[in-house]
Amino acid sequence: MSKLFDINLNRLVVFAAVVETGSITAAAKRLGLAKTMVSAHMQKLEAEIGSNLLVRTTRRLHLTEAGTLFYEACQKILQDTEAAISLASSNTQQLRGKLKISATVDYGASVIAPLAAKLTQENPELRIEIVSSDHRVDMVAEGIDVAIRIGRLTDSSHKAALIAHFEEWVVAPPDFFAKGLPQTPKDLEPYPFVALSVLPNVLNRNFVRQGYATESVKLTASIMANTASAVRAAVLADAGFMIYPDFSVKEDIEAGRLIRVLPEWTLPGGGIYAVFPSAEQRSHKVSVFIAALKQNYGG
């Protein structure tokens with residue numbers, strides 16, 4: 001008989017929690033178990049496997065070589081198990097299990113967090129983890145179920161669903177252009193620009209007016225930041241102007257904190273996409289999340 005039947009598969013969940021949180025105490029808190037029970041599960045798992053999985057130091061737990069390989073296998077087993085459960089329950093409206101979503105800091109706070117609140121209220125057994133970063137994450141390595149990508153998609157083995165289109169707007173504090181509002185994109189060049197450093201060619205911009213007149217500008221960044229929230233904060237503190245997606249600045253414009261500049265000139269916009277790993281059967285949780293995202297924020 002396979003050694004698999006000698007292993008309590010619930011211990012895989014405990015082991016994964018210990019690895020991801022870095023300690024027995026943090027894993028116990030995440031799982032809602034007593035610390036002694038988590039320790040007992042780990043001891044029994046190592047006995048069942050017949051190998052040491054963790055090295056215990058005074059500050060943190062570290063994976064052994066065998067533990068690293070076993071953790072990678074555990075992730076796949078747990079993900080496949082959740083997918084199987086979701087698929088089996090796809091004929092019901094209740095979602096259960098974990099859904100891990102990656103998004104930019106700005107989009108994660110303004111769109112994903114409110115939608116996550118709505119979905120978890122409607123589905124009490126659903127757990128959502130939001131990973132916010134303005135850097136592109138490795139979906140497979142970090143166990144991401146859905147990643148929100150803003151802009152233009154690069155070639156990838158992943159699949160994608162278009163959620164909405166967006167425009168890029170030039171915006172600034174109301175009194176920033178005290179000597180007069182710019183009339184052409186070239187008029188922006190002398191002014192300090194606050195740029196998002198993770199974007200390619202962020203200082204070189206091509207504007208189009210009424211579909212035929214074009215103008216290319218080279219901007220000068222007074223401040224560069226690697227998160228959109230830092231860029232916005234600097235601009236609201238009068239550090240300069242910025243180029244920002246329309247969905248992120250409409251509220252600031254309506255509140256009078258920012259104004260749109262050169263509205264008759266357009267910049268290449270892009271799409272908002274939900275990207276998910278390629279698979280023969282998309283997770284039911286992923287399908288429901290994408291449908292809800294399109295319904296509430298699509299356009």
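1. Phe176 counts as buried, at 16% relative accessibility. Here buried means under 20% relative accessible area, exposed means over 50%, and partly exposed lies in between, with a 1.4 Å probe and protein chains only. Tyr191 falls into the partly exposed class because its relative accessibility is 22%. Both residues return in point 5 below.

2. This is a predicted model, in which local features need pLDDT of at least 70 and side-chain atom pairs count only at pLDDT 80 or more, while totals for chains, interfaces and linings use all residues. Residues are numbered from 1 along each chain as its sequence is written, and side-chain values use heavy atoms, with hydrogens and water left out.

3. Overall make-up. The protein chain holds eight helices and 13 strands. These are DSSP runs numbered from the N terminus: helices are H or I with at least four residues, strands are E with at least two. Of its 299 residues, 40% count as buried. Take the contacts in the chain with a separation of 6 or more: 73% of them join residues 24 or more positions apart. A contact means heavy atoms within 4.5 Å.

4. Aromatic pairs. A pair of aromatic rings is described by the distance of the centres and the angle of the planes. Rings of Phe, Tyr and Trp (its six-membered ring) pair if their centres lie within 6.5 Å; planes under 30 degrees apart count as stacked, over 60 as edge-to-face and the rest as tilted. Phe15 is buried, at 0% relative accessible area. Tyr71 counts as buried too, at 12%.

5. How are the rings of Phe176 and Tyr191 arranged? Their centres are 5.9 Å apart and their planes stand at 55°, so the pair is tilted. Phe176 and Tyr191 both lie in the loop between strand 6 (159-172) and strand 7 (192-196), 15 residues apart. Ring pairs also join Phe176 and Tyr191 with Phe177, Phe193 and Phe241 in a cluster.

6. Helix 2 (residues 24-31). Ile24, Ala27 and Ala28 are buried. Seen down the axis, the buried residues of helix 2 fall within an arc of 100°, so they line one face. The arc is that of the directions from the helix axis to the C-beta atoms. An α-helix has 3.6 residues a turn, so residues three or four places apart point the same way. The cover over the buried residues of helix 2 includes helix 1, helix 3 (35-49) and strand 2 (61-63). Just after helix 2, Gly32 has a positive phi of about 75°.

7. Helix 6 (228-236). Which residues of helix 6 are buried? They are Ala228, Val231, Ala234 and Val235. Their arc around the axis is only 125°, which puts them on the same side of helix 6. Their cover includes helix 5 (105-122), strand 6, strand 7, strand 10 (220-225) and strand 11.

8. Backbone points to check. Most residues other than glycine have a negative phi. Asp238, which follows helix 6, has a positive phi, near 70°. Asp238 is in the loop between helix 6 and strand 11 (242-245). Asn201 is not a glycine either, yet its phi is positive, about 50°. Asn201 lies in the loop between strand 7 and strand 8 (204-209). Asn201 is exposed, with 60% relative accessible area.

9. Second largest pocket. Its space is about 1000 Å³. Of the 40 residues that line this pocket, Ile150, Gly151, Glu168, Leu199 and Pro200 are the closest to its centre. On a 1 Å grid over the protein atoms alone, a pocket is an open set of points where a 1.4 Å probe fits, with protein on both sides within 12 Å along at least five of seven lines; lining residues have an atom within 4 Å of a point. Grid points are joined across faces, edges and corners, and a volume is the space filled by probe spheres set on the points. Strand 5 (residues 146-151) gives the most to the lining, with five residues. By class, the lining has 22 nonpolar, 11 polar and seven charged residues. Ala, Val, Leu, Ile, Met, Phe, Trp, Tyr, Cys and Pro count as nonpolar, Asp, Glu, Lys and Arg as charged, and the others, Gly among them, as polar.

10. Ala291. This residue belongs to helix 8 (residues 284-297). Ala291 is partly exposed, at 44% relative accessible area. Ala291 and Ala161 are 130 residues apart in sequence, and their C-alpha atoms are 9.8 Å apart in space.
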